[in-house]
Amino acid sequence: EQNINATEKQYLSTNPYYDANLVTAMGTAVPNPFAGMFPKTASSSFNGATTQLQNLAVPYPQFGNSAVDEYNEPIGQSWYEAAMAHVEHRASHGLTLTANYTFSKLIEQDTRLNDEDNFLETRISPFDHTHHFTAGAVYELPFGRGKEFSFGGNRLLDEILGGYVINGIYQFQTGAPIYWSGDIPLQPGVTLRDIKVNPRNTSTTTPAIVNAPNIFVTGSGSSCTPAAGQPCDGSVFFNGQYSFHYRTLPQTMSWVRQDGYNNLDASILKNFNFTEGRYFQLRFETFNTLNHPIFAAPNLTPTASNFGYITATTANSLSRQIQLGGRIVF
């Protein structure tokens with residue numbers, strides 16, 4: 001198995017797309033070290049005297065083509081580093097303000113990039129959010145009885161113009177790294193640093209992954225011919241030519257991120273006082289006040305016609321909501 005992995009890596013360095021000799025070799029019949037060891041119901045390709053080389057070039061060839069799940073391996077770890085700042089303005093002249101900022105990085109090592117690997121991939125976590133900022137404020141407007149502008153004790157003006165409170169909570173968070181669950185080869189001459197994304201580009205004519213067709217091998221047309229130096233294209237490539245390869249595309253990249261969180265919730269409250277400590281409060285509240293959608297990651301299916309395009313919003317992306325309510329405090 002280790003020799004086969006070395007062969008894969010060697011051929012990758014010379015031709016990352018297709019090696020006809022390797023594909024032919026993988027289909028060659030070789031002596032089967034597990035001959036007769038499988039149950040009678042097992043496929044003859046795994047139980048016979050010979051088997052194709054490709055059946056042995058897997059992490060657990062003794063299980064044939066059965067799925068193998070590994071649980072609770074005590075080998076994963078993660079690292080979280082952060083710098084945090086907190087600012088608070090305690091209640092003064094009707095204003096209360098608090099703000100928090102976090103600059104952080106979350107790195108994890110709990111998955112294998114290739115099933116054959118005997119080491120874990122060190123990657124930026126799909127749950128990493130570099131910048132996180134939250135600010136909240138409550139401000140009692142200085143109008144009405146006992147405030148800076150008391151209207152000379154005029155009860156009518158106090159009831160109309162006094163007792164207003166403004167609330168607001170603003171949150172900003174950097175988007176998470178895009179998770180590349182499947183392997184997609186790069187076009188000839190392209191490097192990882194050429195991968196860029198505009199996470200709020202929802203154009204139907206320009207992909208959010210910048211210049212996606214010239215960066216990745218994608219499409220649903222004819223087979224790929226990278227030797228010609230032209231962009232590769234085709235489902236034939238993914239279903240046939242792109243076989244027995246060793247993945248080098250990372251699952252996440254810190255500079256390739258999806259849309260972040262940018263949200264403001266605000267409200268205006270009006271208190272109508274009955275007696276000391278008893279009042280009716282009218283509440284006008286808005287959620288996602290600025291009506292900012294949170295766009296999902298681009299489509300990463302290489303054979304899809306809309307590869308690299310943003311076609312949806314995230315599950316927690318809600319349009320602006322407005323509600324009016326009231327409560328009695330006594």
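Strand 9 (278-287) and strand 10 (321-329) each put at least two residues into a nonpolar patch; strands here are DSSP runs of E, at least two residues long, and helices are runs of H or I of at least four, numbered from the N terminus. The patch sits on the surface and is formed by Tyr-139, Ile-166, Ile-268, Leu-282, Phe-284, Ile-322 and Leu-324, with about 630 Å² of accessible area together. To be in such a patch, a residue needs over 30% relative accessible area and no salt bridge, and nonpolar side chains are joined within 5 Å. A salt bridge means a side-chain nitrogen of Lys or Arg within 4 Å of a carboxyl oxygen of Asp or Glu. Areas come from the Shrake-Rupley method with a 1.4 Å probe, and for residues only the protein chains shown count as cover.

Take Leu-282, in strand 9: its relative accessible area is 35%, so it is partly exposed. Buried is under 20%, exposed is over 50%, and partly exposed is in between.

## About the model

This is a predicted model, where local features need pLDDT of at least 70, side-chain atom pairs count only at pLDDT 80 or more, and totals for chains, interfaces and linings use all residues. Residues are numbered from 1 along each chain as its sequence is written, and side-chain values use heavy atoms, with hydrogens and water left out.

The chain has six helices and 10 strands. Of its 330 residues, 34% count as buried.

## The cores

Nonpolar side chains tend to be buried together in soluble globular proteins. Here the largest nonpolar core has 18 residues, and Trp-180, Ile-195, Ile-209, Phe-216 and Val-256 have the most contacts inside it. A core is a set of buried Ala, Val, Leu, Ile, Met, Phe, Trp, Tyr and Cys residues joined through side-chain atoms within 4.5 Å. Another core, of five residues, lies apart from it, and includes Val-30, Phe-34, Phe-38 and Leu-56.

Back at Trp-180, if you skip neighbours within four places in sequence, its contacts include Arg-247, Leu-249, Pro-250 and Leu-300. Contact means heavy atoms within 4.5 Å.

## A buried glutamate

Glu-108 belongs to strand 4 (residues 95-111), and with a relative accessible area of 9% it counts as buried. Its side chain makes polar contacts with the side chains of Arg-123, at 2.6 Å, and Ser-125, at 3.2 Å. A polar contact is a pair of N or O atoms within 3.5 Å; within protein, one must be able to donate a hydrogen and the other to accept it, and residues adjacent in sequence count only if both atoms are side-chain atoms.

Conventions:
Buried means under 20% relative accessible area, exposed over 50%, partly exposed in between (1.4 Å probe, protein chains only). Patches are made of residues with over 30% relative accessible area and no salt bridge: like charges are joined within 9 Å, nonpolar side chains (Val, Leu, Ile, Met, Phe, Trp, Tyr) within 5 Å.
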